[in-house]
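Thanks for coming, everyone. Let me put the structure up and walk you through a few of its features.

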Amino acid sequence: DGTYTWNDGGTHTYSWSNQGSYSNTSWTTAGGAGTFAYSGTIINKALCQPGIDTIAACFPDANFARGIASLYGKSISDTFTLAMQKSTTNLDLGNKAIADITGVELLTEIQTLYLDHNQISDLTPINPNNATWPRLKWLDATGQSIHVTPT
């Protein structure tokens, strides 16, 4: 996944599939122009827009989406509102068979987050050192099958 700024000044976010390769990669930083050649599939990764998109669109894992919807007495087809985004401070989604936590990064006011005993293998969307989550005080992700590669 990545964000690239093109010559037209627009920023585009893409998710790259594992079915391709790229070559002739050259670009400059600090907003300079760049080119690259890629053979494979490029998938445009839609970003959730609170106040516009549904809960299901913002949280692609159906079990995660149901947990968010349940918190607010909503359906996953209801809009994920700005009020929901800002008022979600405590979330307990333990033991809900969640495999993908994409969308958790939208919960910028989160203070306590329980994701224990699910089927999560990638905690990448959670970065407690990220300035986006300054209020995060408790994270429980025990009981997962997460593989860590030492660096």
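Start with a term: a disulfide is a pair of cysteine sulfur atoms within 2.5 Å. Keep in mind that this is a predicted model. How many disulfides does the structure hold? It holds 1. Cys48 is joined to Cys58, with 1.8 Å from S to S. The pair connects distant parts of the chain, 10 residues apart. Cys48 sits in the loop between β5 (42-44) and α1 (55-58), while Cys58 belongs to helix α1. The link of Cys48 and Cys58 is right-handed, with 60° about the S-S bond. Are these cysteines buried or exposed? Cys48 is buried, and Cys58 is buried too.

Next, the aromatic rings. A pair of rings is described by the distance of the centres and the angle of the planes. This structure has 2 aromatic pairs. Take Phe59 and Phe80. Their ring centres are 5.1 Å apart and their planes stand at 85°, so this pair is edge-to-face. The cut-off behind that word is over 60 degrees. Where do the two residues lie? Phe59 is in the loop between α1 and α2 (62-71), and Phe80 is in the loop between α2 and α3 (82-87). They are 21 residues apart in sequence, so the pair ties those parts together. Why do we call Phe59 buried? Its relative accessible area is 0%, and buried means under 20%. Phe80 is buried as well, again with a relative accessible area of 0%. Ring pairs also bring in Phe64, giving a cluster of Phe59, Phe64 and Phe80.

Now the sheet. Strands of a sheet pair through backbone hydrogen bonds, either parallel or antiparallel. Which applies here, parallel or antiparallel? The pairing is parallel: 3 strands form an open sheet, in the order β6-β7-β8. β6 and β8 (138-140) stand at the edges. Each has a single partner strand, so one side of each is left without a neighbour in the sheet. On average, neighbouring strands are turned by 5° against each other, direction ignored. Look at β7 and β8: they run parallel and are joined by 3 bridges. Leu113 stands opposite Leu139 in β8.

One last stop: Glu105. This residue lies in the loop between β6 (90-92) and β7 (112-114). Glu105 is partly exposed, with a relative accessible area of 35%. Glu105 and Trp133 are 28 residues apart in sequence. In space, C-alpha to C-alpha, Glu105 and Trp133 are 8.2 Å apart.

That's my tour. Over to you.

Note on methods: Residues are numbered from 1 along each chain as its sequence is written. This is a predicted model: local features need pLDDT of at least 70, side-chain atom pairs count only at pLDDT 80 or more; totals for chains, interfaces and linings use all residues. Side-chain values use heavy atoms; hydrogens and water are left out. Helices (H or I, at least four residues) and strands (E, at least two) are DSSP runs, numbered from the N terminus. Buried means under 20% relative accessible area, exposed over 50%, partly exposed in between (1.4 Å probe, protein chains only). Rings of Phe, Tyr and Trp (its six-membered ring) pair if their centres lie within 6.5 Å; planes under 30 degrees apart count as stacked, over 60 as edge-to-face and the rest as tilted. Two strands pair if DSSP finds at least two bridges between them. Axes are lines fitted to C-alpha atoms, for helices over the stretch in contact, and angles run from 0 to 180 degrees between N-to-C directions.
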